[in-house]
Number of protein chains: 2
Amino acid sequence: MKREETVDHQIKMCWHAIYRMYNQQAVQHESTTSMAFVLLNIDPKEGTPATKIAPLMGLESRSLTRMLKNMEEKGFICRKPDPNDGRSVRILLTPLGQEKRKLSREKVIRFNQVVRESIHGDKLDTFFEVVEKINHLIESKSIF
Amino acid sequence: MKREETVDHQIKMCWHAIYRMYNQQAVQHESTTSMAFVLLNIDPKEGTPATKIAPLMGLESRSLTRMLKNMEEKGFICRKPDPNDGRSVRILLTPLGQEKRKLSREKVIRFNQVVRESIHGDKLDTFFEVVEKINHLIESKSIF
């Protein structure tokens, strides 16, 4: 089995290609791919508890903490104590953050539209099915 | 379009799941997923020029430099001037690095074997075809 033929290598390289593509867009708006994904995971009206964002992103909370600090300094987000739980922190979008979130959403929609126009629906369905199956294999801990 | 239904989200989450799975194995051998992939990209006999590793990994060279330093401190690799080009540096595996590379290889083979046993060959072919098509769309710069 050559390295290029492995499932993990293909997924990794494809994700890196997507990441770089979005980053080229994001830098034009003083943002990054990772920040764009955080923005998309914050509810634009209600905000989102800080603790809920990391699992939505598949991130470790330590990396997220650093990024949230960065995004606060850029004026994309602000932190407020949660009205329902005083010990918990809620992340809210600033008006600038709202704007950046809208831009990020447009880029994601554009990419996915082109993919859906260029690849047959049946093939995309199979692609999603395979990804789901791989996720299940990993979650089931049956591999190692 | 819901976030979970986007192609980029599926690929990202699947890659993160694979990354974490490998990491759980790697920490048992004082390594990480990223280090394991670097080891796999180093020729075990001849070594590999430092400048060739980053593109093979889809990494920025700055992140790689930091990781190579880390791996040198762990005794996995050593640096030697390239015999053909004195200004260039070649990365070689130490005996410990050879051992870690062998382990990494076994984990990758195991994961891919289970995937291939669990998912129909036709579906995997379609999966690879879709990934390739997405990569081409991105490379062709026709999206943005």
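User: How is the expected span of a helix defined here?
Analyst: The expected span is 1.5 Å times one less than the number of residues. Helices (H or I, at least four residues) and strands (E, at least two) are DSSP runs, numbered from the N terminus.

User: What kind of model is this, and how is it numbered?
Analyst: It is a predicted model: local features need pLDDT of at least 70, side-chain atom pairs count only at pLDDT 80 or more, and totals for chains, interfaces and linings use all residues. Residues count from 1 along each chain as its sequence is written, with chains lettered from A and ligands numbered from 1 in the order written.

User: OK, H4 of chain B. What span should it have?
Analyst: Helix H4 (residues 61–73) of chain B has 13 residues, so it should span 18 Å; its end C-alpha atoms are 18 Å apart, which agrees.

User: Which residues of H4(B) are buried?
Analyst: Leu64(B), Met67(B), Leu68(B) and Met71(B) are. Buried means 20 or more other C-beta atoms within 10 Å of the residue's own, exposed 12 or fewer, partly exposed in between, with C-beta atoms placed from the backbone.

User: And what do they pack against?
Analyst: Helix H2 (33–40), helix H3 (50–57), strand S2 (77–81) and strand S3 (89–93) of chain B.

User: What's on the other side?
Analyst: Arg62(B), Arg66(B), Lys69(B) and Glu73(B), which are exposed.

User: What comes just after H4(B)?
Analyst: Gly75(B), with a positive phi of about 80°.

User: Switching to chain A. How many helices and strands?
Analyst: Six helices and three strands. Their order from the N terminus is α-α-β-α-α-β-β-α-α.

User: How much of chain A is buried?
Analyst: Buried residues make up 31% of its 144 residues.

Note on methods. Contact = placed C-beta atoms within 7 Å.
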